[in-house]
Amino acid sequence: MERLQTVLGDITKQSVDAIVNAANCSLLGGGGVDGAIHRAAGPELLAECRMLHGCETGKAKITKGYRLKAKYIIHMVGPIYSGTPEDAVQLADCYRSSLELAKTYDIHSIAFPAISTGVYGYPLDAATQIAVDTVTDWLQNHADYDMKVIFCCFDARTAQAYQTKME
Ligand code: AR6
């Protein structure tokens, strides 16, 4: 079975062990995919998020999935694009943090949105390259761990960018 896949769709509808949220440091919700996840999971999600006391950029925290099909939500905070070398370091860090956290929770399938490429302004092509390279490296370094990764793209342009990088 392919360990890495691109799908076009809504991440809140994915049948996976965990979906990843493009959160902000407060972890208290927002627009974009964050808003969609909070709406779909229901108000208990915000109650659990309040107890997490935020999250640093490049890191990730986990909650239950509540009304989602996914058992867990991994909230990862991508960088706000600044045009400095730090952006790429932080974006790669948050993909790695999410995968490490997933492994700790015995998660074997995970869907990522295109973190930082919406409100946070990261150029799509550069962010996609980092996402694909970082996840591919992690899967290679954990060849003995069964993990399926889905890049869940909300629009055709994003899906095209991922497909190009994965060819
Ligand atoms: N399923 C999958 N992808 C989605 C969905 C969905 N339901 N909805 C949007 N996207 P963004 P960021 C895509 O802006 O750039 C929030 O306010 C979207 O088309 O959600 O990391 C947070 O609270 C884009 O491709 O996240 C933060 O403050 C991708 O998800 C801030 O935005 C990411 O866009 C985070 O900004």
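Predicted model: local features only at pLDDT ≥ 70, side-chain atom pairs only at ≥ 80, totals over all residues.
Modeller: Residues are numbered from 1 along each chain as its sequence is written, and side-chain values use heavy atoms, with hydrogens and water left out.

Biologist: Which residues are the closest to the ligand?

Modeller: A residue counts as near a molecule or strand if one of its heavy atoms lies within 4 Å of it. The ligand is surrounded by 21 residues, and the closest are Asn24, Gly31, Asp34, Ser116 and Gly118.

Biologist: At what distance does an oxygen atom of the ligand lie from the side chain of Asp34?

Modeller: Polar contacts are pairs of N or O atoms within 3.5 Å; within protein, one must be able to donate a hydrogen and the other to accept it, and residues adjacent in sequence count only if both atoms are side-chain atoms. A nitrogen atom of the ligand is 2.9 Å from an N or O atom in the side chain of Asp10, and a backbone N or O atom of Ser116 lies 2.8 Å from an oxygen atom of the ligand. For an N or O atom in the side chain of Asp34, the separation from a ligand oxygen is 2.7 Å.

Biologist: Is Asn21 buried or exposed, and which side chain does the side chain of Asn21 join in a polar contact?

Modeller: Asn21 is found in strand 2 (18-23), where strands (E, at least two residues) and helices (H or I, at least four) are DSSP runs numbered from the N terminus. Buried means under 20% relative accessible area, exposed over 50% and partly exposed in between, with a 1.4 Å probe and protein chains only, so Asn21, at 0%, counts as buried. Contact means heavy atoms within 4.5 Å, and beyond four places in sequence the contacts of Asn21 include Asp34, Ile37 and Ile115. The polar contact, at 3.3 Å, is with the side chain of His75.

Biologist: How do helix 1 and helix 2 pack, and what is the angle?

Modeller: Axes are lines fitted to C-alpha atoms, for helices over the stretch in contact, and angles run from 0 to 180 degrees between N-to-C directions. Ile37, His38 and Ala41 in helix 1 meet Leu45, Leu46 and Cys49 in helix 2. The axes of helix 1 and helix 2 are 6 Å apart, and the angle is about 115°.

Biologist: Leu27 and Asp106 are not glycines, yet both have a positive phi; which of them is buried?

Modeller: Leu27, with a phi of about 60°, lies in the loop between strand 2 and helix 1 (32-41). Asp106, with phi near 60°, has its place in the loop between helix 3 (86-104) and strand 5 (109-112). Asp106 is exposed because its relative accessible area is 53%, whereas at 2% the buried residue is Leu27.

Biologist: Which backbone oxygen does the side chain of Ser97 reach?

Modeller: Ser97 has its place in helix 3 and is partly exposed, with a relative accessible area of 25%. Not counting residues up to four places away in sequence, Ser97 touches Gly58, Lys59 and Ala60. At 3.1 Å, the backbone oxygen reached by the side chain of Ser97 is that of Gly58.
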